[in-house]
Amino acid sequence: MAAAQPAAPVQISGHTIITTNKHDHSFQTVRIERTSPPEFICSLLEIQKDEQVVVVEQVQRVRGEPRYVHRSYLPLRIGRPLLDMEDGHLPLFDMLITLCRQTPVLGRERLSPIVLTGEDAALLGLPVGMLAQRMVGVVLDPDDQVIEAHELVIRADHFKLDFEFNLAPSRAADSSDKL
């Protein structure tokens, strides 16, 4: 009797709207600057601690209410055009595509619960100590190079997660080492 073959990996993926503002969604840019990245970002971007990055920090609002804080870190060679940007109200993916001339094709995220601290609580209009969700992830280009790493702090009181199953073979199943 032949031994059973192992099952192929199954990919579980989600989707969200990542470009173009809807009439009830807006992005408020808090800062765009050249800076030294936090240690976890160095690891995700595969850069040294002394390398500079461009950080874009935005608050996404739905019907005027803050929903999440998005901190995006781009290697300086990619994010440099953002330092001269005049309109900071574009979603990050629009900035990546139109201003940085990048082609994002794959993202990988990790979600975990956190307790809000001062800065994030203030940006979300919530008291310190409230529960929230922290999502950390990366975006890859067609050559599987990490072009952006990010941290989102999401209000827990309006958090919703939808899953979509995709059983078709995909290179995304091989990218787990990117996060």
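**A sheet and its enclosed strand**

In this predicted model, strand 4 is largely enclosed by the rest of the structure, because 10 of its 11 residues are buried. Buried here means under 20% relative accessible area.

Strand 4 covers residues 65-75 and belongs to an open sheet of 6 strands. The order across the sheet is 2-3-4-7-6-5, with antiparallel pairing. Strands of a sheet are held in pairs by backbone hydrogen bonds, and the pairing can be parallel or antiparallel. At the edges lie strand 2 (25-35) and strand 5 (106-115), each of which pairs on one side only. From one strand to the next, the twist averages 15°.

Strand 3, residues 53-62, runs antiparallel to strand 4 and is joined to it by 10 bridges. Within this pair, His70 of strand 4 has Gln58 opposite it. Strands 3 and 4 form a hairpin with 2 residues between the strands, and in this hairpin Arg63 has a positive phi near 50°.

Which residue of strand 7 is the bridge partner of His70? That partner is Leu152. Arg71 has its own bridge partner in strand 7, namely Glu151.

Turning to aromatic rings, a search of the whole structure gives 0 aromatic pairs. The ring of Phe40 does have a charged group over it: the charged end of Arg134, 4.8 Å from the ring centre.

Conventions: Residues numbered from 1 in each chain as written. Predicted model: local features only at pLDDT ≥ 70, side-chain atom pairs only at ≥ 80, totals over all residues. Heavy atoms only, no water. Phe/Tyr/Trp six-rings, centres within 6.5 Å; stacked < 30°, edge-to-face > 60°. Lys NZ or Arg CZ within 6 Å of the ring centre and 35° of its normal. Pairing = 2+ DSSP bridges. Helix = DSSP H or I, 4+ residues; strand = E, 2+ residues; numbered from the N terminus. Axes fitted to C-alpha atoms, helices over the stretch in contact; angles between N-to-C directions. Buried < 20%, exposed > 50% of the residue type's maximum accessible area, 1.4 Å probe, protein only.
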